[in-house]
Amino acid sequence: MDFNDTPEEAAYRAAARAWLETNVAEHKAIAHADDMAAAKSWQARKAAAGYAQITWPKEWGGGGGTPIQSVIFGQEEAKFPVQYGYFTIGLGMCVPTVMAFADDATKRRFVGPALRGEEIWSQLFSEPAGGSDVAAIRTRAVRDGSDWVVNGQKVWTSGAHYSDFGIVLVRTNIDLPKHKGLTMFWLDLRAPGIEIRPIHQMSGGSNFNEIYFTDVRIPDAQRLGAVDDGWKVALVTLMNERLAVGGGGGAGPKDILALARELDAADGPLIRDPAFRQRLADWYVQAEGLRNTRMRTITALSRGQTPGPESSIGKIIAANQLQDLGNAAVEAEDQYGIINDPALLPLKGLFQSAVMNGPGLRIAGGTDEILKNIIAERVLGLPGEIRVDKDAAFKDLPVGR
Amino acid sequence: MNFDYSDEQKMLKEEARRFLAAKCDASVVRGVLDDPARGYDETLWRAVAEQGWLGAAIPEGYGGLGLGHVELCALAEELGRACAPIPFASTVYFVAEALMLFGAEAQKQKWLPRIAAGECIGAFATSEGKGPVTARSIRTTASGGTLSGEKIPVTDGDVADLIVVLAKDGLYLVEKGAGVSAETLKTLDPTRSAARLIFDAAPAERLGDEDGIAAMQAVFDRAAVLLAFEQLGGADRCLDMAKAYALDRYAFGRQIAGYQAIKHKLADIYVKNEIARSNAYYGAWALNTAAAELPLAAATARVAASDAFWFASKENIQTHGGIGFTWEADPHLYYRRSRQLSLVAGAPATWRERLVSQLETRNAA
């Protein structure tokens with residue numbers, strides 16, 4: 001166990017930091033039209049230096065580096081105000097799926113622009129009737145000559161409103177059991193017949209979308225993997241999700257420590273309240289445990305092992321802690337805590353924001369309950385849930401709401 | 001950066017697991033549980049000494065194996081998994097560590113080789129009554145080469161040859177013999193011995209020149225990391241037991257392991273154990289490299305491991321249902337041990353407080 005950098009790692013870190021100092025300064029000196037323009041220009045800058053997708057092979061524009069190098073760069077980059085989330089899903093999940101299943105011409109067309117931030121990708125899996133049960137997808141694709149004609153609806157599609165392309169999982173066969181009649185395609189999100197509507201979240205934001213398909217034509221050449229074999233392709237995407245999603249962001253132990261120092265409670269500053277101190281210790285233990293668990297995953301990766309479903313624990317802890325810690329801070333503010341105006345609040349309302357975003361984080365990318373099933377079944381080897389729909393033809397399955 | 005045991009350490013750990021599976025099954029633990037006259041299992045103690053484990057982290061110059069503390073952590077994890085009924089923690093994590101931290105050369109020369117050889121059992125005597133040990137709670141005093149006072153409870157105090165005693169002004173070495181009387185106590189975990197020790201002008205030798213509470217805390221920081229690995233091993237064993245039982249037990253026509261109420265309970269145990277493991281690894285690194293982060297890392301490891309073992313041990317009983325509440329079933333061995341390990345170096349609440357003070361110091365505004 002060695003939590004220090006090796007000499008090579010230290011040299012890599014020093015080079016990354018030097019590059020960041022110069023380049024963030026140059027980047028910030030440019031007047032960008034908006035946040036998206038700034039994000040794209042920063043991504044292009046990183047790509048040119050080999051710092052976008054550090055672990056991808058150089059022939060695809062990556063850095064040809066190791067998982068540890070990727071972590072080191074991420075740690076250093078996090079110290080600068082250049083956190084743009086627009087490319088995470090595309091580069092973390094969609095493009096790797098394209099790289100695994102598309103032909104060379106398609107890969108040459110799309111990988112570079114995605115890497116440089118010129119084009120953004122979305123993942124179109126979830127549906128109104130297929131959230132936790134993703135394979136219950138009803139959006140239908142019917143073959144028509146060299147095209148497929150798609151009708152149906154996707155939902156919870158992060159960033160679709162600013163994305164250019166997507167990968168979409170659709171039902172191509174209703175006579176087979178639900179996992180066996182699915183097919184994956186890539187598609188242009190500006191194709192005729194596609195309507196993207198933002199979802200108004202309970203938090204007030206609109207990061208997710210509904211996408212309606214009305215007779216959308218997708219050429220068969222845009223298929224990823226074999227017809228009716230889309231579930232296998234989706235598993236590759238979802239495996240990459242475990243690496244791309246989870247952790248980071250939002251209110252943490254350090255933020256609430258800062259609040260507790262300046263907040264006057266009944267008997268002096270909140271930080272002197274023994275009950276508060278006990279809870280703070282637990283939040284810190286969880287946050288540290290999570291950070292070091294992620295580093296154990298990276299160690300496994302760097303030894304050539306594939307990270308398994310055990311990384312599911314990250315999101316369970318992070319999302320629940322965000323909600324709990326955020327609410328503790330809000331309640332500590334007493335009557336004032338009901339205010340949700342960044343201008344009037346510590347840390348621009350970070351804690352109120354945690355309370356309002358916590359519920360979504362506990363659901364997105366696998367609910368707490370589904371993740372616990374995954375741990376129980378795939379890590380601990382306990383029996384799967386009883387599935388009444390496993391062998392029946394999709395068209396014969398009962399449907400509720 | 002490397003956040004895992006090395007291949008050699010993994011091999012050592014696997015060997016230790018095989019060794020303990022052969023030498024320390026539940027009947028060995030029960031041998032001590034069911035016989036109030038026995039403080040520990042002498043056969044296992046000798047076998048462990050022959051393996052060299054007592055001196056794993058003691059330098060070769062003092063008769064040890066001269067491995068690192070990460071190796072000792074690996075052994076601790078397996079001893080915890082086996083619920084070993086021997087005074088390993090008292091002797092190695094507390095007394096040997098105290099000697100290596102504060103011992104004068106002559107003291108180290110005298111005691112470390114005997115500890116490594118299994119010829120000396122140690123005990124670390126700090127508590128004098130209910131509540132956390134503080135400067136105010138210590139009444140034991142030393143003067144003119146003798147020490148007087150009462151310590152309760154002292155884990156392994158009745159079987160120890162060498163006792164490191166916290167007096168008002170610092171730590172002292174006291175040998176079993178004149179001026180020392182021991183009364184064995186009934187505890188929540190009879191597989192580990194504990195005593196009330198009364199010192200009546202017992203010959204005592206100063207250990208180091210640190211202030212009392214600071215010296216105790218420095219020893220606790222080191223022991224906390226090693227105890228965290230024992231707790232982790234115990235917690236993982238509880239998860240294994242709960243899983244095996246849930247897979248074997250049928251109710252309402254199927255395995256109880258197939259019910260979400262049980263699956264989610266076991267997933268919760270797994271999550272806590274993994275958080276405890278990650279924090280313990282960080283603590284092992286801090287201990288092994290004498291990093292400045294040790295006090296914070298030790299507190300973090302201890303709180304996570306205490307929480308994980310308590311949760312795993314109680315939910316293991318719950319998963320077993322009625323049979324889990326019987327003397328004959330093994331889950332209570334781990335439930336008892338989880339109480340012993342959570343309290344022996346100060347309770348979790350005390351460590352949470354220490355964690356936050358460390359955090360305040362580090363993030364001084």
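**Domains, chain contact and secondary structure**

Q: How far apart do the C-alpha centres of domain 2 of chain B and domain 3 of chain B lie?
A: In this predicted model, the C-alpha centres of these two domains of chain B are 27 Å apart. The contact draws 17 residues from domain 2 of chain B and 13 residues from domain 3 of chain B.

Q: What makes 122–211 and 213–362 of chain B count as domains?
A: The bounds come from an automatic or database domain assignment, and for chain B that assignment gives domain 1 as 7–116, domain 2 as 122–211 and domain 3 as 213–362.

Q: Which classes make up the side of domain 2 of chain B that touches domain 3 of chain B?
A: On that side of domain 2 of chain B, 7 residues are nonpolar, 6 are polar and 4 are charged.

Q: Why are strand 3 and strand 7 of chain A called paired?
A: Pairing requires at least two bridges found by DSSP, and strand 3 (residues 147–155) and strand 7 (residues 209–219) of chain A are joined by 8 bridges and run antiparallel, so they count as paired. Within this pair, Gly152(A) stands opposite Phe213(A) of strand 7. Strand 6 (residues 194–198) of chain A also runs antiparallel to strand 7 of chain A, with 5 bridges between them, and Arg197(A) has Glu210(A) of strand 7 as its bridge partner.

Q: What span is expected for helix 11 of chain A, and what does the model give?
A: Helix 11 of chain A has 12 residues, for which 16 Å is expected at 1.5 Å a residue, and its reach from first C-alpha to last is 15 Å, close to that value. After helix 11 of chain A comes Gly381(A), whose phi is positive, near 75°.

Q: Which residues in helix 11 of chain A are buried, and what covers them?
A: A residue counts as buried when 20 or more other C-beta atoms lie within 10 Å of its own, and in helix 11 of chain A the residues called buried are Leu371(A), Lys372(A), Asn373(A), Ile375(A) and Ala376(A). Their cover includes helix 9 of chain A together with helix 8 (260–288) of chain B.

Note on methods:
Residues are numbered from 1 along each chain as its sequence is written. Chains are lettered from A and ligands numbered from 1 in the order in which they are written. This is a predicted model: local features need pLDDT of at least 70, side-chain atom pairs count only at pLDDT 80 or more; totals for chains, interfaces and linings use all residues. Two residues are in contact if their C-beta atoms, placed from the backbone, lie within 7 Å. Ala, Val, Leu, Ile, Met, Phe, Trp, Tyr, Cys and Pro count as nonpolar, Asp, Glu, Lys and Arg as charged, and the others, Gly among them, as polar. Helices (H or I, at least four residues) and strands (E, at least two) are DSSP runs, numbered from the N terminus. The expected span of a helix is 1.5 Å times one less than its number of residues. A residue is buried if 20 or more other C-beta atoms lie within 10 Å of its own, exposed if 12 or fewer, and partly exposed in between; C-beta atoms are placed from the backbone.
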